[in-house]
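I opened my notebook to go through one model.

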Amino acid sequence: MSAQELIASLDALGTELDVELQPLVDEQSIRAAQARYLGKTGKVSAVMKELGRLPPAERPLVGAAVNRVKQGIEDQVTRKLAELTDAAARLDLARVVDVTLPGRPVAGGHLHLLTQVRLEAIAIFAELGFVVAEGPQIETDWHTFEALAIPKDHPARDMQDTFYISSRNDEILLRTHTSPVQIRTMLTTTPPIRIIAPGIVYRRDDDATHSPMFTQIEGLVVDEGISFADLKGVLLHFVKRFFQRDLAIRLRPSYFPFVEPGAEIDMQCSFCVDLPSGKGCRLCKGTRWIEIGGSGMVDPEVFGHVKIDAEKYTGFAFGMGLERMAMLRHGVTDIKFYYEGDIRFLEQF
Ligand code: DAH
């Protein structure tokens, strides 16, 4: 064969391989085809054997053609393999992203039961003209106790076992009740005052119905001519609205240093009010009444601390436990359930 003929047959190999590669769809058979051309006994090698028979002057020309064709075959194989991976990736994508499938439902959260109850209570009082007031959870001894007529040696301090912030200085503490918000409000607002103060409070207390951290809702009204009847009216309205039924309340004389007279607020037990037996239930311990908070008329001594004229103004205040309210409405049996974050409890509400 002449040099020309050799070069022509080399060039033909490229086209031949093209035809062979066309129907192949897996890497193994593509590599096999590659070997049939470039392998030791392959078609290109066969042409190279002819090289020796050419006159030396013509060999470089054919040698260059061999290299060109070898490179061309490498490129063809690489292209074909790339096509294969592309096709596989496209197939894969088509499988993963089926845009015609309906979307996966997103698990929606909802407000925590205590938040729901707090917002509801705020809404009920807002209808009566109350606005929300806030105070710090880290409080001074003065706002929490002194100004509320509970001096250091007062026995009432034992009712609220306090967490102090520093052992050296017992002036700064975690508020044990929301009542200091009364003081902060009266210090900065001239009557008429009508506030509701929901918030977290802390006490050294821990059992099925007590937690070291819990939520209270405080109320305070100060104006001219405010009476005990106003207090009872507001509380009765709240209980009826909150429990959505016609429950009675009872104001039982009690003692809180910052109110005079003071009363504990009882409501009819919502769990056994419909039972005819008159025996009550486990929740109200058979009494048919349940205590939900404390209340009373603002003591003139407190007005003195916040410079409100006790001759001109009177007021009432109350404080209730929100966990207790939610417990009564939903039959929650342990106060810890609120804080454990167990989804099986939370998703019931
Ligand atoms: N602060 C009291 C407590 O935590 C509850 C209370 C009683 C609040 C009487 C009041 C009130 O506003 O008038 O035990």
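How many residues line the largest pocket, and which lie nearest its centre? I found 37 lining residues, with Arg-203, Phe-214, Gln-216, Glu-291 and Gly-293 nearest the centre.

**Ground rules.** I noted that the model is predicted, that local features need pLDDT of at least 70, that side-chain atom pairs count only at pLDDT 80 or more, and that totals for chains, interfaces and linings use all residues. Residues are numbered from 1 along each chain as its sequence is written, and side-chain values use heavy atoms, with hydrogens and water left out.

**Entry: the largest pocket.** I wrote down what a pocket is: on a 1 Å grid over the protein atoms alone, it is an open set of points where a 1.4 Å probe fits, with protein on both sides within 12 Å along at least five of seven lines. Lining residues have an atom within 4 Å of a point. The largest pocket holds about 850 Å³ of space. A volume here is the space filled by probe spheres set on the points, and grid points are joined across faces, edges and corners.

Next I looked up which elements line the largest pocket. Strands S5 (213-223), S7 (259-268), S8 (289-298) and S9 (314-321) and helix H10 (322-330) each give two or more residues. Helices (H or I, at least four residues) and strands (E, at least two) are DSSP runs, numbered from the N terminus. S8 gives the largest share, 6 residues.

I then sorted the lining of the largest pocket by class and got 14 nonpolar, 14 polar and 9 charged residues. The nonpolar class is Ala, Val, Leu, Ile, Met, Phe, Trp, Tyr, Cys and Pro; the charged class is Asp, Glu, Lys and Arg; the others, Gly among them, are polar.

**Entry: the second largest pocket.** Its space is about 450 Å³. I found 18 lining residues, with Thr-209, Leu-283, Cys-284, Lys-285 and Arg-324 nearest the centre. Strand S6 (249-254), S8 and H10 each supply at least two lining residues. By class, the lining divides into 8 nonpolar, 3 polar and 7 charged.

Entry: I went back to Lys-285, one of the residues nearest the centre of the second largest pocket. Lys-285 sits in the loop between S7 and S8. Its phi is near 50°, a positive value in a residue other than glycine. Is Lys-285 buried or exposed? It counts as exposed, at 74% relative accessibility. The cut-offs are under 20% relative accessible area for buried, over 50% for exposed, and in between for partly exposed (1.4 Å probe, protein chains only). Arg-288 is found in the loop between S7 and S8 too. It is not a glycine, yet its phi is positive, about 70°.

**Entry: salt bridges.** How many salt bridges does the rule give? I count 17. The rule asks for a side-chain nitrogen of Lys or Arg within 4 Å of a carboxyl oxygen of Asp or Glu.

I looked at Arg-68 and Asp-11, whose side chains meet at 3.0 Å, N to O. Arg-68 lies in helix H4 and Asp-11 in helix H1 (residues 3-21), so this pair ties together parts that are 57 residues apart in sequence. Arg-68 is partly exposed at 47%, and Asp-11 is partly exposed at 36%.

Then I took Arg-31 and Glu-27, with their closest N and O atoms 3.6 Å apart. They are 4 residues apart in helix H2 (residues 27-38), so about one helical turn separates them. Arg-31 is partly exposed at 39%, and so is Glu-27 at 44%.

Asp-246 pairs with Lys-240 at 3.3 Å between the closest N and O atoms. Asp-246 is exposed at 63%, while Lys-240 is partly exposed at 32%. I also noted a network of salt bridges linking Arg-250, Arg-252, Glu-264 and Asp-266.

**Entry: cis bonds.** Which peptide bonds did I mark as cis? The bond from Pro-191 to Pro-192 is cis, with omega near 5°. Pro-192 is in the loop between helix H7 (180-188) and strand S4 (193-202). Another cis bond joins Glu-260 and Pro-261, with omega about -5°. Pro-261 lies in strand S7.
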